[in-house]
Amino acid sequence: MFWAGDRGKTLARWLGTGLLGLFLLPMSWSLEVSVGKATTIYAINGSAILLPCTFSSCFGFENLYFRWSYNSTDTYKILIDGIVKNEKSDPKVRTKDDDRITLEGSTKEKMNNISILLSDLEFSDTGKYTCFVRNPKEKDLNNSATIFLQVVDKLEEVDNTVTLIILAVVGGVIGLLVCILLLKKLITFILKKTREKKKECLVSSSGNDNTENGLPGSKAEEKPPTKV
């Protein structure tokens, strides 16, 4: 059956769009950027903090471009950017906005690490930090990931009292269950041995009774001699 007119054009357009989507779907998933599982990290004023970022590509990369940017309520700026030539080359910095920033990146062992170290933290460093990557080998496909940094005067100590109590209770219950199981096995063993001894005793008693009744293999009672 042949399609003609508007129906044929609609079908062709639908098929074309579907095939194009299937073709582009792996491409959209091939370049991945990650800043770790934590969305927010805390650091003390005056200290240093490592802002992690790694990338991966199913199709490899050449002259991959990366940059770190900072964004707060009233400020946006590019902190550092650079190029990773290929899988055998370490990242190279092109421009850097702040001398407190150090690139800690490496491509050794396929880590594809473009993390940065931010030293001498100030309260004004609080904000969003975005790691952006663009891969020319994938027709300039790009991706990014963001992490929030909160600079504080001091880190709050976490009270683990409740956690320790719960762990102690759970440990005690487990220990009690283990003791009960061991005691149960011990009692079972003792009862088993007791039953075996009773059984041996009954068998022995039965043998003695047979002996007294003069059965074969038994010792008969001595009868007095018959008088003539």
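Are Tyr65 and Phe132 buried or exposed? Select the two residues in this predicted model: both Tyr65 and Phe132 are buried.

**Stop 1: the aromatic pairs**

Searching the whole structure turns up 3 aromatic pairs. For one of them, select Phe55 and Phe61. Their ring centres are 5.2 Å apart and the planes meet at 75°, so this pair is edge-to-face, the class for angles over 60 degrees. Now colour by accessibility. Phe55 has 3% relative accessibility and therefore counts as buried, the limit being under 20%. Phe61, at a relative accessible area of 2%, is buried as well.

Go back to Tyr65 and Phe132. These two rings also form an edge-to-face aromatic pair, with 6.4 Å from centre to centre and 65° between the planes. Tyr65 belongs to strand 5 (residues 64-71) and Phe132 to strand 10 (residues 127-135). The two residues are 67 residues apart, and their pair links distant parts of the chain.

The charged end of Arg67 sits over the ring of Phe132, at 4.2 Å from the ring centre.

**Stop 2**

Zoom in on strand 8 and strand 9 (residues 116-118). They run antiparallel and are joined by 3 bridges. To find one of the bridge partners, select Leu103: its partner in strand 9 is Ile116.

**Stop 2: Ser57**

Select Ser57, which lies in strand 4 (residues 54-57). What does the side chain of Ser57 reach with its polar contacts? A polar atom of the Ser57 side chain lies 3.1 Å from the backbone oxygen of Gly60. The side chain of Ser57 also has a polar contact of 2.6 Å with the side chain of Glu138.

Finally, show what else surrounds this serine. With neighbours within four places in sequence set aside, Ser57 is in contact with Ser30, Leu31, Asn135 and Glu138.

Terms used: Residues numbered from 1 in each chain as written. Predicted model: local features only at pLDDT ≥ 70, side-chain atom pairs only at ≥ 80, totals over all residues. Heavy atoms only, no water. Phe/Tyr/Trp six-rings, centres within 6.5 Å; stacked < 30°, edge-to-face > 60°. Buried < 20%, exposed > 50% of the residue type's maximum accessible area, 1.4 Å probe, protein only. Helix = DSSP H or I, 4+ residues; strand = E, 2+ residues; numbered from the N terminus. Lys NZ or Arg CZ within 6 Å of the ring centre and 35° of its normal. Pairing = 2+ DSSP bridges. Polar contact = N/O pair within 3.5 Å; in protein donor to acceptor, adjacent residues only side chain to side chain. Contact = heavy atoms within 4.5 Å.
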